[in-house]
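Take a look at the chain shown here. The walk-through starts with the overall fold and ends with single side chains.

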Amino acid sequence: MKHWTLDDIPWEQFDAKLVEPELLAVVKAASLVERNAGDYGDYLCNVFAGDPEFQQAARNWANEEIQHGRALGRWAQLADPDFDFEAAFRRFT
């Protein structure tokens with residue numbers, strides 16, 4: 001199975017007029033939490049220090065979650081051009 005990238009998403013089809021404000025707030029929050037998955041992946045690797053197979057699975061999972069966060073962040077920026085995902089993430093961490 002081919003790994004997806006942000007460029008695979010048809011962003012040009014996004015219509016910000018269809019986004020409900022309540023959903024936008026949830027997506028903004030989720031984008032930050034998912035983008036921060038690397039910290040949780042590191043934590044899991046420390047907890048399971050003696051299990052390199054699990055550590056690799058945790059790193060793979062964290063990388064996928066980080067990508068989800070970036071996709072949600074881009075979606076949120078399209079819905080709200082005043083939302084600066086990178087600045088919000090810096091404040092979050």
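Predicted model: local features only at pLDDT ≥ 70, side-chain atom pairs only at ≥ 80, totals over all residues.

Residues are numbered from 1 along each chain as its sequence is written, and side-chain values use heavy atoms, with hydrogens and water left out.

The protein chain has four helices and zero strands. Its pattern along the sequence is α-α-α-α. Helices (H or I, at least four residues) and strands (E, at least two) are DSSP runs, numbered from the N terminus. The C-alpha trace spans about 50 × 35 × 20 Å along its principal axes. Of the 93 residues, 33% count as buried. Here buried means under 20% relative accessible area, exposed over 50%, and partly exposed in between (1.4 Å probe, protein chains only). Contacts are heavy atoms within 4.5 Å. Among contacts with a separation of 6 or more, 76% join residues 24 or more positions apart.

Start with helix α1, residues 21–35. The expected span is 1.5 Å times one less than the number of residues. The buried residues of α1 are L24, V27, K28, S31, L32 and R35. Seen down the axis, they fall within an arc of 130°, so they line one face of the helix. That arc is taken from the directions from the helix axis to the C-beta atoms. The buried residues pack against α2, α3 and α4 (85–92). On the face turned away from them sit the exposed residues E22, V26 and V33.

Helix α3 has 28 residues. They should span 40 Å at 1.5 Å a residue, and the end C-alpha atoms agree at 40 Å apart. Its buried residues include Q55, A58, I66, W75 and A79. The buried residues of α3 pack against α1, α2 and α4.

A79 belongs to α3, which covers residues 52–79. A79 has a relative accessible area of 17%, so it counts as buried. Beyond its neighbours within four places in sequence, A79 is in contact with F14, A16, V19 and L24. C45 is another matter: A79 and C45 are 34 residues apart in sequence and 35 Å apart in space, C-alpha to C-alpha.

Now the surface. Y40, Y43, V47, F48 and W61 make a nonpolar patch of about 510 Å². Patches take residues with over 30% relative accessible area and no salt bridge; like charges are joined within 9 Å, nonpolar side chains (Val, Leu, Ile, Met, Phe, Trp, Tyr) within 5 Å. Areas come from the Shrake-Rupley method with a 1.4 Å probe; for residues, only the protein chains shown count as cover. Helix α2 (residues 37–47) gives the largest share of the patch, three residues. W61 lies in α3 and is partly exposed at 37% relative accessibility.

How many salt bridges does the structure hold? The structure holds two. Each puts a side-chain nitrogen of Lys or Arg within 4 Å of a carboxyl oxygen of Asp or Glu. One joins D15 and K17, at 3.4 Å from N to O. D15 is partly exposed at 29% relative accessibility, whereas K17 is exposed at 74%. The other joins D80 and K28, whose closest N and O atoms are 2.7 Å apart. D80 lies in the loop between α3 and α4 and K28 in helix α1, so the pair ties together parts 52 residues apart in sequence. D80 is buried at 18% relative accessibility, and K28 is buried at 19%.
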